[in-house]
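Hello,

Here is the structure I promised to pass on. Please open it first, then read my notes below.

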Amino acid sequence: MRIAEIQVRVFTYPSRVVRDTDGHTHPGPEHAARQGLLTLRTEDGADGYCFGSPEALRPAVLDAFIKPVLVGQDPMDRERLWHGMARWQRGSGGNLTDRTLAIVELALWDLAGRALGVPVWKLLGGCRDRVPAYGSTMCGDELEGGLATPEDYARFAEQLKTRGYPAIKLHTWMPPVSFAPSVAMDLKACAAVREAVGPDFPLMLDANHWYSRTEALELGRGIQQLGYYWYEEPMDEHSTSAYRWLCDQLEIPVLGPEMAEGKHHTRAEWIRAGACDILRAGVMDVGGIGPTLKAAHLAESFYMDCEIHGGGPGNLAVLGAIPNGRWYERGLLHPFLDHDTPPPYLHRLNDPMDSDGFIPMPTAPGLGEKIHFEYIQEHLTSTWS
Ligand code: LLH
Ligand code: MG
């Protein structure tokens, strides 16, 4: 089996999600959003797919760094191909990102699963056929009836609990929200949500990512008193020492790193430094399923959990193959948005959740996505290969 063709299709679909000036997502007016679909095809017609941003899959990146490594090669040699692509990163002038690496690597896993007739989570070493989800809110906003006040968060948390979520994570207010960042407001929202869901319900906080050490400590002590389960990314993650300082002073588990570059290598350094109590990795942050699995196995060696960042079929597959990731991150959720209807380019949700709050592992081969190819064809704006 040899890879013969690498193709990207770009299409539009209606979306009500917009980004603010700091890149956080919020509800907004309906508009045509762009999405890319990468296809890897072998000379005997086996296919692997992964959705990704058209920018991450632009022709110059594929031509310079991906095609020279993949074309003519056996797609089952994922580890060798991943290292071949990853080595290009240093000399790529920043053009070959971990995100691109991840999208290509996920398509390789999808191809292998489809060709063998096996779901990827089984291929990785099946561990469980369902995983509980936590409801992960969008960042706070200033929309009336949205996530603008502590009471809004409390009301939404009640709705999420009724929907069946067995745990909830708050993203609170971050710039450019006019009153953010504010430790006092974050604590009010956390207290209101605790009051709404009761004392035993698992809650987590992912607050402003640029607090100072002292602000992060004050907020951590506050949510520790409120019985929160983990504390995530209150500071920029480039200072491992600052996280160690925080960890040393808090009893609540500190979780990280989520965004720090450096793949599984950085995760190893955080464990060694004592900068986290629970490890963090996600397929789109560390360059794919392979490095995420390495991080999770590394955490297991130290009797640590590794909580997986973000949803989607790649992260779900990893959770199906490890014992030490407690929850699937389902979201980002907002009272104005519906997360239980698939986007029009999929025939079914990738992460349907039952009334007990579990996401079943897919049974279809590969990553298990039911791609609506006709929709994509009808809404195509460009194609390159
Ligand atoms: O800043 C944001 O918009 C969120 O924190 C986002 O990055 C989200 O993916 C996250 O951190 N989840 O855990
Ligand atoms: Mg996070």
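**Helix crossing**

Helix α3 (residues 98–116) and helix α11 (residues 289–301) cross at roughly 90 degrees, and their axes come within 8 Å. Angles from 65 to 115 degrees count as roughly perpendicular, so α3 and α11 are roughly perpendicular to each other. On the α3 side, the contact is made by E105, L106 and W109. On the α11 side, I289, G290 and P291 make it. By class, the residues of this contact are four nonpolar, one polar and one charged.

Bear in mind that this is a predicted model.

**Ligand 1**

Which residues surround ligand 1? The list is H24, C139, K169, H171, D206, H209, E232, E258, R280, H309 and E329. By class, this shell has six charged residues, four polar ones and one nonpolar.

- E329: an N or O atom of the side chain is 2.9 Å from an oxygen atom of ligand 1.
- H209: the distance from a side-chain N or O atom to an oxygen atom of ligand 1 is 3.1 Å.
- H171: a polar side-chain atom lies 3.2 Å from an oxygen atom of ligand 1.

How much of ligand 1 does the protein bury? Taken alone, ligand 1 exposes 330 Å², and the protein buries 83% of that.

**Backbone points to check**

Two cis peptide bonds come up. One joins A180 and P181, with omega at about 0 degrees. P181 sits in the loop between β5 (168–171) and α6 (183–197).

Another cis bond joins G331 and L332. Its omega is about 5 degrees. L332 belongs to strand β11 (residues 328–333). E329, listed above in the shell around ligand 1, has a number within that residue range.

Then there is K263. Its phi is positive, about 55 degrees, although K263 is not a glycine. Where does K263 lie? K263 is in helix α9, which covers residues 263–273.

That is what I have for now.

Best wishes

Technical notes:
Residues numbered from 1 in each chain as written. Chains lettered and ligands numbered in written order. Predicted model: local features only at pLDDT ≥ 70, side-chain atom pairs only at ≥ 80, totals over all residues. Heavy atoms only, no water. Near = heavy atom within 4 Å. Polar contact = N/O pair within 3.5 Å; in protein donor to acceptor, adjacent residues only side chain to side chain. Areas by Shrake-Rupley, 256 points an atom, 1.4 Å probe, with all protein chains shown as cover. Nonpolar A, V, L, I, M, F, W, Y, C, P; charged D, E, K, R; others polar. Axes fitted to C-alpha atoms, helices over the stretch in contact; angles between N-to-C directions. Helix = DSSP H or I, 4+ residues; strand = E, 2+ residues; numbered from the N terminus. Parallel < 35°, antiparallel > 145°, perpendicular 65-115°, else oblique. Contact = heavy atoms within 4.5 Å.
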